[in-house]
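Dear colleague,

Please find below the structure that I am handing over to you, with its sequence. My notes on it follow directly after.

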Amino acid sequence: MRIRIIGVGMGPQHVTPEAAEALRGCDYVIAAAKNTDDGLLAARRAIAGAHGVEVVAVPDPPRDREADYERAVADWHEARVSAYESVLRERGGTAAFLVWGDPSLYDSTIRIVERLAARLPIDYDVLPGISAPQLLAARHRIVLHPVGGPVHVTTGRRLREDIAAGQTNLCVMLNAHLDLAGLEDWSLWWGANLGTPTEALAAGRVGDVLDEIERARDGAKAAAGWVMDLYLLRAPA
Ligand SMILES: C[S@@+](CC[C@H](N)C(=O)[O-])C[C@H]1O[C@@H](n2cnc3c(N)ncnc32)[C@H](O)[C@@H]1O
C-alpha cells in the first residue's frame, strides 16, 4: 500500500506537473466530507476529476467544540485515522490525500498518515504545493522578511503572546477575526481567499487600512460563503 500526500496550492491552477503526475498514478483520492456546504471537498473533486482519479469521500467525524481544544483535536484526529484506516484496508493500492496549500503548514495530514503507517504496511511520500504565505508574498510583490531577518509564522490565536515575546515580523494565519488594537503604527499586508475568484488584498499602516480590511473580509465571505485570510505584520522601523 502506498499513500501520496499531495499539496495542491489554492486550486487547480497551482497543481504542479510533479503533483499532477503523482496524482495520475494514484488509484483513488481519500477526502474528508463535512456535513455542511463543503467547498474544500468540491475543490478536491475538481482536481481529482481533472486527472481522472476517483474520490472516496469519508464523512468527517464531528469535533467536540465544548471540550478542551487540544483534547478535542486529538480525539478528532483519532476518529479520522480510524475512518481512513477502514478505507485503506478495504481498497488497498495507492491512495492520495490532496492538501490545500502545502502539507508543511498548519495541516494534519502528515501526522494522520504517520499514524496510519503505524497500523498498516504503508509507504508514503509528500509532494509540495504553493502555500498561502507564498501566494500572499507574490500578490503583494514582497519578501516575507527584512533583509537577512526572520519571519515568524504563527496563528491569530497566538499573536498577542508572540508580540509580547518580542516578535516584530509575523505571518499570521488561522484568523477567526482580526484583533489589531494597539498596533495602529505597524505595517500590514493582508489577503483573503487568495487564488480564488473572491480574492481580496489590502496593505498599509494598520490604523489606515483596518476598516477597509474588515469590509473586504465581510465582502469575500458574502461572495464565497467562506473566508480564509492571512497577513504579514511588521513593527515600525
Ligand atoms: C488549515 S491552514 C492551511 C494552510 C495551508 N496548508 C497552506 O499551505 O497555506 C488554513 C489557513 O491558511 C490560510 N489560507 C489558506 N488558504 C488561503 C487562501 N486561499 N487565502 C488566504 N489565506 C489562506 C488562512 O490563514 C487559513 O486560516
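Helix H7 has a kink of about 25 degrees, centred on Glu-212; the bend at a residue is the angle between axes fitted to the seven residues ending there and the seven starting there. The model is a predicted one, in which local features need pLDDT of at least 70 and side-chain atom pairs count only at pLDDT 80 or more, while totals for chains, interfaces and linings use all residues. Residues are numbered from 1 along each chain as its sequence is written, and side-chain values use heavy atoms, with hydrogens and water left out.

H7 comprises 19 residues, 206–224, and spans 25 Å from its first C-alpha to its last, close to the expected 27 Å (1.5 Å times one less than the number of residues). Helices (H or I, at least four residues) and strands (E, at least two) are DSSP runs, numbered from the N terminus. The buried residues of H7 are Val-206, Val-209, Leu-210, Ile-213, Arg-217 and Ala-220, where buried means under 20% relative accessible area, exposed over 50% and partly exposed in between (1.4 Å probe, protein chains only). An α-helix has 3.6 residues a turn, so residues three or four places apart point the same way. Strands S8 (187–192), S9 (200–205) and S10 (229–234) are what the buried residues of H7 pack against, contact being heavy atoms within 4.5 Å. After H7 comes Gly-225, with a positive phi near 90 degrees.

The ligand has 18 residues around it, of which Trp-100, Asp-102, Ala-132, Leu-194 and Asp-229 come nearest (a residue is near if one of its heavy atoms lies within 4 Å). Helix H5 (132–140), S8 and S10 each contribute at least two residues to this shell. Polar contacts are pairs of N or O atoms within 3.5 Å. A polar side-chain atom of Trp-100 is 2.8 Å from a nitrogen atom of the ligand, and a backbone N or O atom of Leu-194 is 2.8 Å from a ligand nitrogen atom. For Met-228, a backbone N or O atom lies 3.4 Å from a nitrogen atom of the ligand. Of the 570 Å² that the ligand exposes when taken alone, the protein buries 91% (Shrake-Rupley method, 1.4 Å probe).

Leu-174 sits in the loop between strand S7 (169–173) and S8. Leu-174 counts as exposed because its relative accessibility is 56%. Leaving out residues up to four places away in sequence, Leu-174 touches Tyr-106, Thr-155, Gly-156 and Asp-229.

Yours sincerely

Note on methods:
A polar contact is a pair of N or O atoms within 3.5 Å; within protein, one must be able to donate a hydrogen and the other to accept it, and residues adjacent in sequence count only if both atoms are side-chain atoms.
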